Amino acid sequence: MDKIPLLKAMKHDRWVKPFLKRYKWTLVLAITLGIITFICASGLMFTAGYLISKSATMPFNILLVYVPIVLTRAFGIFRPVTNYFERLASHNWVFKMTSAFRKKLYDSLEQDAVFFNSKYRIGDILGLLSEDVAHIQNLYLRTIFPMLVAFGIYALIVIGMGVISPLMGLLMLILFGLIIIAIPVWSVLVNGARQQLEKQYTNTLYADLTDNVMGITDWVFAGRSADYLQHYNKSEHHLLASQKAMKGFEHWRDFVLQAMILLIVVSLIVWGAARFGGHWGGSANWIAAFVLCVFPLDEVLSSLPTAAQQTNVYADSLKRLNNLPQPAEPSKANIDIAAPYTLKITDLHYRYPKTEKMILRGINLDINPGEKVAILGRSGAGKSTLASLIRGDRTPTSGSVTLNEVPTDKFGDEISNYIGIVHQSPYLFNTTILNNIRLGSEDASEEQVWEVLDRVGLASMIKRLPKGLHTMVDEAGLRFSGGERHRLSLARILLKDAPIILLDEPTVGLDPLTEEKVIETFMEQLHGKTLIWITHHLQGIEMMDQVVFIENGQISMQGSPAKLQETNQHYQMLKKADEGN
């Protein structure tokens, strides 16, 4: 069984099996309804076959067909009803599973967000977030559910026929076993290898085509256009040959499957003639009933080989998912701290996992309640890393970052109650302005939202919009300018009312006039709060209580703007350069 990729991938799986256990009763309900649906379908054909055949012999008493009429009506009603509820239950199960599945996936990727550019290509991330999730969803809907339903029907058929005739029960055990088990496994082993080969040929073809098109002028100038076409045609020929072999096998496999179903039908005809010939009157009635009840099963049986064959694709998705790190367990610590809030950074060292370079080395910094601190430095100096450590998004390699003597990485999601953040590129979601602002506080009233919008200077502009707060902001907030997006982000923070605010280069990309107005708004509206401003230049620095310069992961300058302007020549030079003097 190790030759079947899906079974091999699921041995140490932590992405599919846990959800099977978590929602097992919903799964049991969906499978049970699926089995009942096919029982009703077969029952409908059984009673209808008997009824039609019996009616054709002109029964002398209506009571002889009354029971089949009632059963035909009952099975005819229950079949679509149970089928509807089975679809409802199975899709509800899958949607619940994929919801939790996506959250687990996002939590896993979030841990490596800083390494996205170095560890993952954009295509890899999109594949994980869309294609692989869709594959796992299809694994349940198109493979696991149909297989479990088929095995349930298989057990009922073998047991039911075994009670009537042990020999016929044994024959059904063999024939249905070949259809439900042997043919799907055969399909996986034969066409699974061809699928892998097709994928390899496709990838090679794409790579060759991309490389060659990018350098097509070199082929033309070298006079080797014919060689290029010959090389491409050869690769394409291998791909088409592989696809042709797969299609050929699928036609042959489907023929064998239908032949097996025909063999079951013939066996039932022969067995019915021997079993009911001369008994109960009209053996043809019972033969027709038993034969016709097989045909609805073709719907579930014919899809099994194709569904099993697709498990090779699903196995690749499972491998990729299981190579991701386990999401960190949410902090369950009971954090109980009260104002005033003091941030203390002590002998802080940090290096990213699996790297040797130390990003921060021996940072010591005390930030008192209500203090405004600017942290400056060149790109790559460690400013944003320090911001992540302050927020508790990362754990120090050594040293500590504490809020009222509690390490910030222990707060988990509760850190947002104490530290708010305005990013350099605030993101607005494609929903209403109201919903975007309410990210700060879901329970906020419209009056509270208008209040914070008025404080950041956007209330009058939004009132002029046709739908006011219910205006859609468009994808990524493209309706608004850079300065307006920063003000909307500030409105979220004001609604949250966190005591400490971290501004991570919020004015990057703004023109000088807009930058000055945004800074003034921030300083005015965040008055009285502890403010940590990560920036790369000295615009508005006079408003800060303390300035900290980080260079090569260490603090190179520290003090009040006035003191540094008076005593530090390097600061004086930087200030002049920043002002353009």
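**A residue, a sheet and a helix pair**

A: Leaving out residues up to four places away in sequence, Thr-26 touches Ala-89, Asn-92, Trp-93 and Lys-96. The model described here is predicted. Thr-26 itself belongs to helix α3, which covers residues 24-56. Is Thr-26 buried or exposed? Its relative accessible area is 18%, and Thr-26 therefore counts as buried, since the limit for that word is under 20%.

Next comes the sheet. It is open and has four strands, placed in the order β2-β1-β4-β5 with antiparallel pairing. Strands β2 (360-367) and β5 (406-407) are at the edges. Each of these two has a single partner strand, so one of its sides has no neighbour in the sheet. Strand β1, residues 343-350, is joined to β2 by five bridges, and the two run antiparallel. Within this pairing, Leu-348 has Ile-363 of β2 as its bridge partner. Helix α14 (residues 383-391) lies across β1, β2 and β4 (398-403), and its direction is at about 125 degrees to β1.

Most residues other than glycine have a negative phi. Asp-347, which is not a glycine, has a positive phi of about 45 degrees. Asp-347 sits in strand β1 and is partly exposed, with a relative accessible area of 40%. Glu-405 is not a glycine either, and its phi is positive at about 70 degrees. Glu-405 is placed in the loop between β4 and β5. With a relative accessible area of 75%, Glu-405 is exposed.

The last part is a pair of helices. A packed pair is described by the angle and the distance between the two axes. For helix α18 (residues 482-496) and helix α19 (residues 512-525), the angle is about 10 degrees and the axes are 10 Å apart. That angle makes α18 roughly parallel to α19, because angles under 35 degrees are given that name. On the α18 side, the contact is made by Gly-483, His-486, Arg-487, Leu-490 and Leu-494. On the α19 side, Thr-514, Lys-517, Val-518, Thr-521, Phe-522 and Gln-525 take part. Sorted by class, this contact of α18 with α19 has four nonpolar, five polar and two charged residues.

Terms used. Residues are numbered from 1 along each chain as its sequence is written. This is a predicted model: local features need pLDDT of at least 70, side-chain atom pairs count only at pLDDT 80 or more; totals for chains, interfaces and linings use all residues. Side-chain values use heavy atoms; hydrogens and water are left out. Axes are lines fitted to C-alpha atoms, for helices over the stretch in contact, and angles run from 0 to 180 degrees between N-to-C directions. Angles under 35 degrees count as roughly parallel, over 145 as roughly antiparallel, 65 to 115 as roughly perpendicular and the rest as oblique. Contact means heavy atoms within 4.5 Å. Ala, Val, Leu, Ile, Met, Phe, Trp, Tyr, Cys and Pro count as nonpolar, Asp, Glu, Lys and Arg as charged, and the others, Gly among them, as polar. Two strands pair if DSSP finds at least two bridges between them. Buried means under 20% relative accessible area, exposed over 50%, partly exposed in between (1.4 Å probe, protein chains only).
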